[in-house]
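I opened the notebook today to look through this model and jot down what I found.

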Amino acid sequence: MGAVALFPLFCLPCMAGAVAPVAVTGGTGKLGRRAVEQLVANNVPVRVLLRQPPSAAAEASGAVAASKPQVAAWLEAMPGVTLVKGDVTDPASLNELLRGCSACLALHGVSCARSSCSLLDSLAG
């Protein structure tokens, strides 16, 4: 299977010739890791929200069967990727993740009563 463009990069706002970072939730998931990979391949800086920072013992891997710690270590090694420790259900974590970003790819699964949409709405004012 070849690489598939997830979204047109020309849609990302540019500021003074440089692309502002894109925030990603769900970056260790199957879709999230591919989105981060494509952003990095197109020289777009990325901020990824992670519940747990990568373990020094985890072997870096972006493979489909890789564990979340392995994917976190793989993401950490990518140029232009900043890992932000936090949780998608915590407004302070989302504020930190979104600081300076031009866009957010919300690619996490929703499994709790309070949706991330309501959290994002509360952050927007």
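**Entry 1**

I began with R51, which counts as exposed at 62% relative accessibility. My cut-offs are under 20% relative accessible area for buried, over 50% for exposed and partly exposed in between, with a 1.4 Å probe and protein chains only. The side chain of R51 meets that of D87 in a salt bridge, 3.5 Å from N to O. I call it a salt bridge when a side-chain nitrogen of Lys or Arg lies within 4 Å of a carboxyl oxygen of Asp or Glu. This pair links distant parts of the chain, 36 residues apart: D87 sits in the loop between β5 (81-85) and α3, and R51 in the loop between β4 and α2 (68-76). D87 is partly exposed, at 24% relative accessibility.

**Entry 2: what kind of model this is**

This is a predicted model, in which local features need pLDDT of at least 70 and side-chain atom pairs count only at pLDDT 80 or more, while totals for chains, interfaces and linings use all residues. Residues are numbered from 1 along each chain as its sequence is written, and side-chain values use heavy atoms, with hydrogens and water left out. The pLDDT, the predictor's confidence in each residue from 0 to 100, averages 81 for the protein, and 73% of the residues score at least 70. Over residues 1-16 the pLDDT is below 50, and this stretch has 23 contacts in the model beyond near neighbours in sequence. A contact here means heavy atoms within 4.5 Å.

**Entry 3: the overall layout**

I noted four helices and six strands, following the pattern β-β-β-α-β-α-β-α-β-α along the sequence. Both are DSSP runs numbered from the N terminus: helices are H or I with at least four residues, strands are E with at least two. Of the 125 residues, 34% count as buried. The protein exposes about 7,100 Å², and carbon and sulfur atoms supply 59% of that; the areas come from the Shrake-Rupley method with a 1.4 Å probe, and for residues only the protein chains shown count as cover. Among contacts with a separation of 6 or more, 71% come from residues 24 or more positions apart.

**Entry 4: the sheet and its helices**

Next I looked up the sheet. Four strands form an open sheet in the order β5-β4-β3-β6, with parallel pairing; two strands pair if DSSP finds at least two bridges between them. The edge strands β5 and β6 (103-106) each pair on one side only. From one strand to the next, the twist averages 25°. I found three bridges in the parallel pairing of β3 and β4, and the partner of A23 in β4 is R47.

Helix α1 lies across β3, β4, β5 and β6 and runs at about 160° to β4. Helix α2 lies across β4 and β5, at about 135° to β5. For these angles, axes are lines fitted to C-alpha atoms (for helices, over the stretch in contact), and values run from 0 to 180 degrees between N-to-C directions.

**Entry 5: more salt bridges**

The structure holds four salt bridges. R47 forms one with E96, the closest N and O atoms being 3.4 Å apart. This pair joins strand β4 (residues 46-50), where R47 sits, to helix α3 (residues 91-98), where E96 sits, 49 residues apart. R47 is buried at 10% relative accessible area, whereas E96 is partly exposed at 33%. R47, E96 and R99 are linked in a network of salt bridges.

Another one joins the side chains of R34 and E37, at 3.1 Å from N to O. They are separated by about one helical turn, because they are three residues apart in helix α1. R34 is partly exposed at 28%, and E37 is partly exposed at 33%.

**Entry 6: two loop residues**

Which residues is T28 in contact with, leaving aside its neighbours within four places in sequence? I listed R33, L50, K68, V71, A72 and L75. T28 itself is in the loop between β3 (22-25) and α1 (30-41), and it counts as buried at 11% relative accessibility.

I also stopped at N43, in the loop between α1 and β4. N43 has a positive phi of about 60° although it is not a glycine. Most residues other than glycine have a negative phi. N43 counts as exposed, at 69% relative accessibility.
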